[in-house]
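Cover backbone geometry, strand pairing, nonpolar cores and selected residues.

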Amino acid sequence: MGGEGVRRERPTLSDVAERAGTSIPTVSKVLRGGTDVSPATRDRVMEAVRTVGYARTTRATAAESDAPAMIDLVVNHVHGTWANGVLTGVESAATAANVDVVITIARDDGNWVSRLLRRPSHGAIVVLVDPAPAHFAALEAARIPVVLVTPMSEPSAPSMRVGVTNWDGGRAAAEHLLGLGHQRFAVVGGDRTHLYSRARIDGFRSALDVHGAQPPVVVHGDWDRATAAAAIAPVLAADDRPTAVFACSDLMAMGVYDAARAAGLQVPEDLSVVGFDDVPEASWGSPPLTTVRQPITEMGEAAVRLLLSADAATDPASAELPRVDLSTSLVVRASTARVAG
């Protein structure tokens, strides 16, 4: 009857092994996070898992072992107060839920995925890291839920996400400066490819457009203080220099301060500056920095709640994957002032 009504079987370990050109025990070892597999074989197996769409019918959890309940926090670094703010939120919410937290640094070798696979974890909170398609596939095959916090690019697979209203934050920065009478603007963006940097810039541009102001000069500081200072310096040296600068992070705003001082400009008398993040250093600046606050600690807390609610679901893979966007807010300090004359 032309194959009608024939039920397609679920992909098996044998299918993965055939696709990867290896053995079933090797595939099983990779999916358990085994360490005695070469990186090339591991990557080939993970890609085969993604290609054939293999997934376990059930997954082992911390509740099924003698290990304490735990979640993984995957980060690309633990330096700076932004990362520490997320960690604080994750730890607080996890402690309230009687769950331990294991921190894993995501290095370029991709081995962080294998480390997750060999732990009986409730799931992973992945911060400022973009898992590759094969990484998503391996974690999904092991039925390990993942929550992405502020992904840098559009995830390559459907994902639970926690972020902030970046576009609204950029718009609020622009409206504040417009309300002070500014008409010439510059923006210091982060990495050109990062979603949240682009959203902040787009929100800022949108507010200027609505008010009929000229578009801002846009440079990129790659989230680095010195790079931001070097990028904005020639803009501040121009005859028609901006009277206000919006930096897409507080750290880059400090770079704008550095460039302004080097150019003989005073903040805010000659140049108003707005940052983004509201890390503790923002209030320590000279002058204290007006900035868009993103609730960093609350993001970590929300990610834990989202992850544990997914872990409690009967079949998290079949549920609609939620996304949480927390509100940003403008914090006005002394780095902005009404435009002179």
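Asp222 counts as partly exposed because its relative accessibility is 43%; partly exposed is the range between buried, under 20% relative accessible area, and exposed, over 50% (1.4 Å probe, protein chains only). Its place is the loop between strand S7 (217-220) and H9. Helices (H or I, at least four residues) and strands (E, at least two) are DSSP runs, numbered from the N terminus. Phi of Asp222 is near 55°, a positive value in a residue other than glycine.

The model is predicted, so local features need pLDDT of at least 70 and side-chain atom pairs count only at pLDDT 80 or more, while totals for chains, interfaces and linings use all residues. Residues are numbered from 1 along each chain as its sequence is written, and side-chain values use heavy atoms, with hydrogens and water left out.

Thr150 also has a positive phi, near 45°. It is found in the loop between S4 and S5 and counts as buried because its relative accessibility is 8%. Most residues other than glycine have a negative phi, and most peptide bonds are trans.

| Site | Feature | Value |
|---|---|---|
| Thr150 | phi | near 45° |
| Asp222 | phi | near 55° |
| Val267 and Pro268 | cis peptide bond, omega | about 10° |
| Ser286 and Pro287 | cis peptide bond, omega | about 5° |

Pro268 is placed in the loop between H10 and S9, and Pro287 in the loop between helix H11 (280-284) and strand S10 (290-293).

Strand S4 (residues 146-149) is covered on both faces: Val146 and Leu148 are buried on one side, Val147 and Val149 on the other. S4 runs parallel to strand S3 (residues 124-127), joined by four bridges; strands pair if DSSP finds at least two bridges between them. From S3 the chain passes through helix H6 (residues 133-141) to S4 in a right-handed β-α-β crossover, meaning that, with the strands pointing away from the viewer, the path from the first strand over the helix to the second runs clockwise. S4 also runs parallel to strand S5 (residues 160-164), with three bridges, and Val147 stands opposite Met160 in S5.

The largest nonpolar core has 41 residues, of which Val188, Phe204 and Ile232 touch the most other members. Such a core is a set of buried Ala, Val, Leu, Ile, Met, Phe, Trp, Tyr and Cys residues joined through side-chain atoms within 4.5 Å. H10 gives the largest share of this core, seven residues. Apart from it lies another core, of 28 residues, among them Ile71, Val99, Val149 and Met160.

Thr243 lies in the loop between helix H9 (225-236) and strand S8 (244-247) and counts as buried because its relative accessibility is 12%. Its side chain makes a polar contact with the side chain of His182 (2.7 Å); a polar contact is a pair of N or O atoms within 3.5 Å, where within protein one must be able to donate a hydrogen and the other to accept it, and residues adjacent in sequence count only if both atoms are side-chain atoms.

Glu298, in helix H12 (residues 296-312), counts as partly exposed because its relative accessibility is 30%. Glu298 and Gly85 are 213 residues apart in sequence and 8.6 Å apart in space, C-alpha to C-alpha.
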